[in-house]
Amino acid sequence: MRVTQVTDVKDSARARHRASVLWPYVLVIAAWTVALLATLTNQSYLINHHYLLEQSHLPVLVALVVFLACWQVMTVGMLLPSSMPTVSMIAHAGRQQRRPYAVPGAFLAGYAVVWTAFALVAFLGDTQIHWLVHHWFWLDTHTWIIGATTFAVAGVFQFSPLKGRCLKLCRSPFSFFVRSYRKGVGAAWRLGLRHGVLCLGSCWALMLVMFGLGVSSLVSMAFLTGVMVVEKTFSGGQRLSPVIGGALLGLAVLWLLHPSWLPLTGV
């Protein structure tokens with residue numbers, strides 16, 4: 001009888017280990033649900049840096065805190081889907097450890113820290129751009145230059161060796177996991193930081209475009225999320241990078257020639 005109970009426990013443990021990891025997908029669905037509700041209820045301005053800096057009349061520090069809090073929804077909704085293979089492996093590995101939920105939690109925390117740092121730099125940089133617009137008459141009358149430059153920078157980066165190297169590593173999650181994985185919550189945190197840096201190296205320019213558009217358009221969010229998922233997880237997805245780069249450069253030229261055809265950057 002005792003042997004049977006032990007066998008049942010082992011079988012149950014193996015079944016849990018083999019079971020699909022569903023909670024990351026629940027997080028993504030929840031993030032998109034929040035974004036959709038924010039749009040439907042006209043609350044998406046809370047993550048619009050232009051509104052927070054120019055119209056909310058909040059102190060800059062308070063506006064920054066609000067923006068970074070809302071940015072976490074963006075991170076989960078837009079970036080987690082393309083990192084799902086790595087997240088699933090971490091979650092499976094965590095099931096074999098004493099703290100099965102703390103391990104993937106620490107990994108995601110490290111990943112989020114990297115992208116929060118990016119958002120912090122982007123927001124503080126945007127405050128400087130706003131200052132220039134208010135103190136430089138020429139730029140105040142040519143604000144469309146900022147949007148065209150953003151598209152041009154993102155487009156050029158799509159062809160860069162750094163983009164290629166980071167994308168190649170992101171497209172090999174199993175190799176990355178085998179080389180870098182160590183047991184423990186602290187190790188999972190460091191692994192999340194490392195994976196976040198690779199993801200940042202691959203996707204920062206596309207997220208900069210999202211930031212420049214005001215990060216409040218569901219269509220833009222969905223399109224860029226799809227691009228990152230295809231680039232990093234689909235077979236042959238790396239071939240999409242130069243196509244997107246060419247499209248971004250084309251939009252930059254179009255913005256320069258006919259700025260009235262495209263929305264303002266929000267500056």
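**Fold and packing**

Modeller: Read along the sequence, the protein chain runs α-α-α-α-α-α-α-α-α-α-α-α-α. Please bear in mind that this is a predicted model.

Colleague: How many helices and how many strands are there in the protein chain?

Modeller: The pattern along the sequence consists of α elements, written α-α-α-α-α-α-α-α-α-α-α-α-α. The count for the protein chain is accordingly 13 helices and 0 strands.

Colleague: Which percentage of the residues in the protein chain is buried?

Modeller: A residue counts as buried when its relative accessible area is under 20%. Among the 267 residues of the protein chain, the buried share is 43%.

Colleague: Is α4 parallel, antiparallel, perpendicular or oblique to α6?

Modeller: Two packed helices are described by the angle and the distance between their axes. For helix α4 (residues 60-79) and helix α6 (residues 102-135), the axes come within 9 Å and cross at roughly 135°. Because angles over 145 degrees count as roughly antiparallel and 65 to 115 as roughly perpendicular, the relation of α4 to α6 is oblique.

Colleague: How many nonpolar, polar and charged residues are in the contact of α4 with α6?

Modeller: The residues contributed by α4 include V60, F67, W71 and Q72, and those from α6 include Y111, W115, F123 and T127. Sorted by class, the contact of α4 with α6 comprises 14 nonpolar, 4 polar and no charged residues.

Colleague: Which residues touch the most other members of the largest nonpolar core?

Modeller: This core has 37 residues. The elements giving two or more residues to it are α4, α6, α8 (144-157), α11 (185-212), α12 (218-233) and α13 (240-257). The residues that touch the most other members are F67, W71, M78, W115 and M207.

Colleague: Which residues does M78 touch, not counting residues up to four places away in sequence?

Modeller: M78 is one of the residues with the most contacts to other members of the largest nonpolar core. Leaving out residues up to four places away in sequence, M78 touches M207, M210, M221, L224, T225 and M228.

Colleague: Is S180 buried or exposed?

Modeller: S180 lies in helix α10 (residues 173-180). Not counting residues up to four places away in sequence, S180 touches L191 and R194. Its relative accessible area is 12%, and since buried means under 20%, S180 is classed as buried.

Notes
Residues numbered from 1 in each chain as written. Predicted model: local features only at pLDDT ≥ 70, side-chain atom pairs only at ≥ 80, totals over all residues. Heavy atoms only, no water. Axes fitted to C-alpha atoms, helices over the stretch in contact; angles between N-to-C directions. Helix = DSSP H or I, 4+ residues; strand = E, 2+ residues; numbered from the N terminus. Parallel < 35°, antiparallel > 145°, perpendicular 65-115°, else oblique. Contact = heavy atoms within 4.5 Å. Nonpolar A, V, L, I, M, F, W, Y, C, P; charged D, E, K, R; others polar. Core = buried A, V, L, I, M, F, W, Y, C linked by side-chain atoms within 4.5 Å. Buried < 20%, exposed > 50% of the residue type's maximum accessible area, 1.4 Å probe, protein only.
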